[in-house]
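Here are my notes on this one, in the order I'd go through them with the model open. Have a look and see if you read it the way I do.

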Amino acid sequence: MVARDAVSRCPLHVSRRRFLKGMGASALALQTGLLNMASAVAGEAPKPKGQCRIMAAFTHPDVKEYWLGWPGKAYDIAGHQKLYTETMQKAAEAQGVDLQIQQETIHDDKALAGWQQEIAAAKPDGVLFVCMSLNSGWKYINKFLDERGEQPVPTVVFTPMGTSFTGHLQHSRKAKRAFVGATQDVGWLATAIRMLKTVYQMANTRICVVRGNKVHDQKLDTIGTTLHWVPHEHFYKAHEAVKESDEMREMVKWDKAHAKKIVEPTDDDLLAAAKNYVVCRKVMQDENCHGYSMDCLGPVGQRKMQPPCLALS
């Protein structure tokens, strides 16, 4: 298996979570003493520094109840805003997001302008706009989306049942870095929080790409992820420095104990795979990266390393 060009082709890519937590059962066993040892495999996966910051607001007329129009006179404005607030707060807490919710509704141009100024000053990583009125909400939502500038802040709009028809959704389809969720599922607000956090994480993630003979960084357009290229020599030096350890031997024991069937690998093969895992992890951590990819065909063909497929699986 070969990690090809990480920009235009399919790389042998392992995410932060999968790479350091992929051996979840093994980590659990290590933590609970089933293998009677402590291991770095059970450690927390590296994450981008900082915390995703999101600003949220609601748009609806400054009234206590509706007379006519959608979502209708029976719609409890204050009750629904409280529900949406609690749902977002719970999701933000669960996902480790810094969420600031403005309770004063965006109901006129002055209120919108004030919120835009706050966003410009705070420079959040994302914005969550909740539509609570079909008749008046879209005027301010569309205006906000249109006036975010050349580098628009990522924005998610939540429009629950009764606050939009298909016609209302057409203008926002042209907006850059924006997504509109039209759904009756209030719990979808947690997805909105996760979407904005994902944009933040992607923009602040570094992927270690072991390939070639030069060190250089490449920032990907649109998503902002940084590819940190390092020479194969980095891997070779790490492979030489890392020695066989109890951690590797315990990995082999666990894999053998939980395998349904072992067809080809010998104990030496499994130990080499465990070492490759530790080496790849070391290179990634040494380069201050959160994910790992490598062009392994050359080193494998030159018999400088065992194929890393088993290690990364």
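1. Ground rules. This is a predicted model, where local features need pLDDT of at least 70, side-chain atom pairs count only at pLDDT 80 or more, and totals for chains, interfaces and linings use all residues. Residues are numbered from 1 along each chain as its sequence is written, and side-chain values use heavy atoms, with hydrogens and water left out.

2. The chain overall. The protein chain has 11 helices and 9 strands, taken as DSSP runs numbered from the N terminus (helices are H or I, at least four residues; strands are E, at least two). Out of 313 residues, 45% count as buried, meaning under 20% relative accessible area with a 1.4 Å probe, protein chains only. Take contacts (heavy atoms within 4.5 Å) between residues at least 6 apart in sequence: 68% of them join residues at least 24 apart.

3. Helices α8 and α9. Helix α8 (residues 246–258) packs on helix α9 (residues 267–286) at about 125°, and the axes are 9 Å apart. Those axes are lines fitted to C-alpha atoms over the stretch in contact, with angles running from 0 to 180 degrees between N-to-C directions. That angle makes α8 oblique to α9; oblique is what remains once under 35 degrees is called roughly parallel, over 145 roughly antiparallel and 65 to 115 roughly perpendicular.

4. Who touches whom there. On the α8 side the contact includes Met248, Met251 and Val252, and on the α9 side Leu270, Leu271 and Val278 are among the residues involved. The contact residues split into 8 nonpolar, no polar and 6 charged. Here Ala, Val, Leu, Ile, Met, Phe, Trp, Tyr, Cys and Pro count as nonpolar, Asp, Glu, Lys and Arg as charged, and the others, Gly among them, as polar.

5. How many aromatic pairs does the structure hold? There are 8, counting Phe, Tyr and Trp (six-membered ring) with centres within 6.5 Å; planes under 30 degrees apart are stacked, over 60 edge-to-face, the rest tilted. Phe129 and Phe144 pair edge-to-face, 5.7 Å centre to centre with 85° between the planes. Phe129 sits in strand β3 (residues 126–131) and Phe144 in helix α5 (residues 137–146), so the pair ties together parts 15 residues apart in sequence. Both Phe129 and Phe144 are buried.

6. Phe158 and Trp188. These ring centres are 6.2 Å apart with planes at 15°, so the pair is stacked. Phe158 is in strand β4 (residues 155–159) and Trp188 in helix α6 (residues 188–203), so the pair ties together parts 30 residues apart in sequence.

How values were computed. Buried means under 20% relative accessible area, exposed over 50%, partly exposed in between (1.4 Å probe, protein chains only).
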